[in-house]
Amino acid sequence: MATYLITGIAGFIGSALARAVLAQGDQVRGVDNLSTGKRSNLAEIQHRIDFREADLLDLEPVRVACQGADYVLHQAAIPSVPRSVADPLTSNRANLDATVNVLMAAREAKVKRVVYAASSSAYGETPTLPKYEAMPPDPISPYAVAKLASEYYMVSFYRCYGLETVCLRYFNIFGPRQDPASPYSGVLAKFITQMLKGEPPIIFGDGTQSRDFTYVDNAVAANLLACTAPAGQVAGRVFNVATGVRTDLNETFRLLKQLTGYTGNVRYEAERAGDVKHSLADLSRAARHLGYKPMVNFEEGLRRTIAWYKSEVGTSLPR
Ligand code: UD1
């Protein structure tokens, strides 16, 4: 039985990973400072996991948490491009300094492998579509810079110390438990909950921007593959994790209207600073070396996510 340390375990991706690791019969340890994650995301599994409330910026608890861990799945972050534009210092601490602490502790504890939640935002405004890993990155926002710098640290710890690290560049992950309540929440969590409440969502810009929206179960599968794939194929490398299909926001709104039954309109407001126009992943490297293939497509992911938020109406949906 292996022990997985999940940072950011109370977030929607971390908590989905925890459920998947438990389901395969392994042990889960988790760290979260509950800044964006929520205890309620762990409700029915809390008695089966070793949860530690701690901030990754404090090295000591991270060191202790890494002791005896086989794998570290480093998901903790302060997401959101606009939040980082408003407060680059906090973004840098949470998204970069914390990563270096995790790497220091993982190396000292001799964990087998560290898998990192990197971001498609690293590609920035590079005109080529789809984005492939060998392209020179071109980050726009402070968030993208911190995520990319963390990637470089991951690769550096492999090159300098032989610590096996794998970076997964997530493309707009969505799904159950994603927090819809913050002004910085991901667009799908916001749109779905707003439309379920009969409120008009807001599109920033003209809605022609597109994303390779990726259902969370695909990211979970990629993490588990990244732990077990042969080191010679994956260690010190970066992989896209996405579905390989992009949808623009106007089309996304139309699709959500059908799926939620919302009959109102959408509002348009000014484009967001730091926004990327188009995002689409090339998945050939992930397929070849990780054995990754998207299992849940965008529409099915939306159905499952809508069903989950519907089940939450009247309990935790924000007003
Ligand atoms: C970016 C990254 C993504 C990462 C995320 C973390 C890219 C291409 N993607 O996501 O991999 O996981 O940061 O936060 O860089 N929007 C609206 N109305 C809203 C909210 C958002 O129109 O109410 C628009 C945004 O302006 C943007 C799109 O929806 O064009 C997606 O926004 P969001 O969900 O915040 O994610 P990204 O910034 O694309």
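Which residue forms a salt bridge with D217? The points below take up the domain contact and this pair.

1. **Basis.** This is a predicted model, in which local features need pLDDT of at least 70, side-chain atom pairs count only at pLDDT 80 or more, and totals for chains, interfaces and linings use all residues. Residues are numbered from 1 along each chain as its sequence is written, and side-chain values use heavy atoms, with hydrogens and water left out.

2. **Domains.** Domain 1 covers 3–173 + 215–241. Domain 2 covers 175–211 + 245–278 + 297–313. The bounds come from an automatic or database domain assignment. Taken over C-alpha atoms, the two centres lie 25 Å apart.

3. **Interface.** In domain 1, 22 residues are in contact with 19 residues of domain 2 (heavy atoms within 4.5 Å). The buried area is about 1800 Å²; this is the accessible area (1.4 Å probe) that the two parts lose on being put together, summed over both. Carbon and sulfur atoms give 59% of that area.

4. **Salt bridge.** The answer to the opening question is R304. The closest N and O atoms of D217 and R304 are 3.5 Å apart. The criterion is a side-chain nitrogen of Lys or Arg within 4 Å of a carboxyl oxygen of Asp or Glu. The count between the domains is 1 salt bridge.

5. **Elements on the domain 1 side.** Two or more residues each come from α1 (12–23), α3 (81–86) and α7 (216–228). These helices are DSSP runs (H or I, at least four residues), numbered from the N terminus. α3 gives the most, with 5 residues.
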